[in-house]
Amino acid sequence: MTTVIEKNQKTRLEVGTPLLEVRDLHVEFHTRDGVAKAVNGVNYSVAAGETLAVLGESGSGKSVTAQTIMGILDMPPGKISQGQILYRGEDMLAMKEEQRRQIRGQKIAMIFQDALSSLNPVMTVGAQLGEMFRVHRGASRKEARDKAIELMERVRIPAAKQRVGDYPHQFSGGMRQRIMIAMALSMEPDLIIADEPTTALDVTVQAQVMDLLAELQAEYNMGLILITHDLGVVADVADKIAVMYAGRIVETAPVHELYANPAHPYTKGLLRSIPRLDQKGQELYAIKGLPPNLLKVPAGCAFNPRCDVATDLCRTEIPTLHHVTDKDGKELTGRRSACHLWKETLHG
Ligand code: SF4
């Protein structure tokens with residue numbers, strides 16, 4: 001007999017199908033002290049089977065952009081002042097709330113950093129995983145439980161059948177994050193947004209969780225937006241990277257090109273800050289200073305007070321994000337930089 005759940009299983013999207021496009025998004029926060037422009041003209045896109053890593057320090061706007069896509073940003077104080085968020089060509093911001101809700105959760109799912117506070121402490125993980133099927137797919141209690149076990153097995157939780165009745169606090173941090181991944185996968189979304197999914201975990205478990213995410217993403221042909229402050233965790237899983245600073249994208253590049261040769265001094269600094277085994281005993285590099293207060297962003301390039309190569313132009317004129325070229329003037333596909341000195345940074 002075909003179950004409710006089997007009837008609902010969808011076909012995989014073809015790799016490369018455009019899924020999400022953020023266009024010229026502006027988000028601001030109205031506070032007593034003024035207006036903080038948290039997201040300032042952000043553009044990015046992700047297709048089926050593709051992983052975009054969005055990288056930046058706290059306050060760069062990476063999480064606010066994700067929360068705006070998911071519709072979970074508190075408004076007020078937040079306000080979308082401009083832009084579009086296209087899901088498969090349709091602007092979610094112009095949709096009726098009901099249609100938007102269908103997409104968020106079922107087509108686009110989110111994984112948060114802190115699994116313990118995202119899971120309900122007084123419900124078993126099986127009940128939490130199964131609830132989605134009961135609510136959205138009309139599954140019976142038994143079907144929902146079976147599906148919960150299947151999902152737990154899918155994210156490699158050992159002895160899933162025995163543990164389906166356990167509560168979140170009975171699992172380790174890494175296992176709880178796997179449960180969050182299972183929840184995100186439950187409705188077979190086209191796109192997952194993972195916001196610092198491994199930050200709370202130790203390094204070995206981080207690598208296991210990232211590998212699992214990458215494997216599931218490839219298997220389901222999902223799009224994945226990986227939000228992180230840590231360049232070290234995305235090298236093996238991302239296809240392309242967007243680096244954010246003070247609400248703007250300052251560099252985009254295919255992942256290996258960005259690691260090999262960044263075109264923005266901020267990216268360069270982030271790469272130098274990654275601890276390396278061959279530099280044992282040496283002092284770890286850190287970019288000087290702190291990210292700016294969004295109520296008082298420096299004039300010109302927002303990075304100029306922290307930039308070792310800043311010029312007078314950097315202190316007066318905001319650099320736009322534009323395509324960069326190789327030494328022969330040929331445009332480099334997917335590579336853009338918002339730096340007045342991108343040529344010197346890229347070509348030395
Ligand atoms: Fe540094 Fe100027 Fe480039 Fe900004 S525009 S990153 S201050 S060189």
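Setting aside neighbours within four places in sequence, Thr252 touches Ile241, Ala242, Gly334, Arg335 and Arg336, where contact means heavy atoms within 4.5 Å. The model is a predicted one, in which local features need pLDDT of at least 70 and side-chain atom pairs count only at pLDDT 80 or more, while totals for chains, interfaces and linings use all residues. Residues are numbered from 1 along each chain as its sequence is written, and side-chain values use heavy atoms, with hydrogens and water left out.

Back to Thr252, which sits in strand S10 (residues 248–254); strands are DSSP runs of E with at least two residues, helices are runs of H or I with at least four, and both are numbered from the N terminus. With 9% relative accessibility, Thr252 counts as buried; that label means under 20% relative accessible area, against over 50% for exposed and partly exposed in between (1.4 Å probe, protein chains only). The Thr252 side chain also gets to the backbone oxygen of Gly334, at 3.1 Å. As for Ser172, 80 residues away along the chain, its C-alpha atom is separated from that of Thr252 by 35 Å.

Helix H2 (residues 62–70) is largely enclosed by the rest of the structure, because seven of its nine residues are buried. The buried set runs Lys62, Val64, Thr65, Ala66, Thr68, Ile69 and Met70. After H2 comes Gly71, with a positive phi near 70 degrees.

Lys62 belongs to helix H2 and, despite its charge label (Lys and Arg count as positive, Asp and Glu as negative, with His and the chain ends not counted), is buried at a relative accessible area of 5%. Its side chain reaches the backbone oxygen of Gly56 at 3.0 Å. Beyond four places in sequence, the contacts of Lys62 include Val54, Leu55, Glu57, Glu196, Ile227, His229 and Met244.

Zooming out, the chain holds 12 helices and 12 strands. The C-alpha trace spans about 70 × 50 × 45 Å along its principal axes. Buried residues account for 48% of the 348. Of the contacts between residues at least 6 apart in sequence, 63% link residues at least 24 apart.

Technical notes
Polar contact = N/O pair within 3.5 Å; in protein donor to acceptor, adjacent residues only side chain to side chain.
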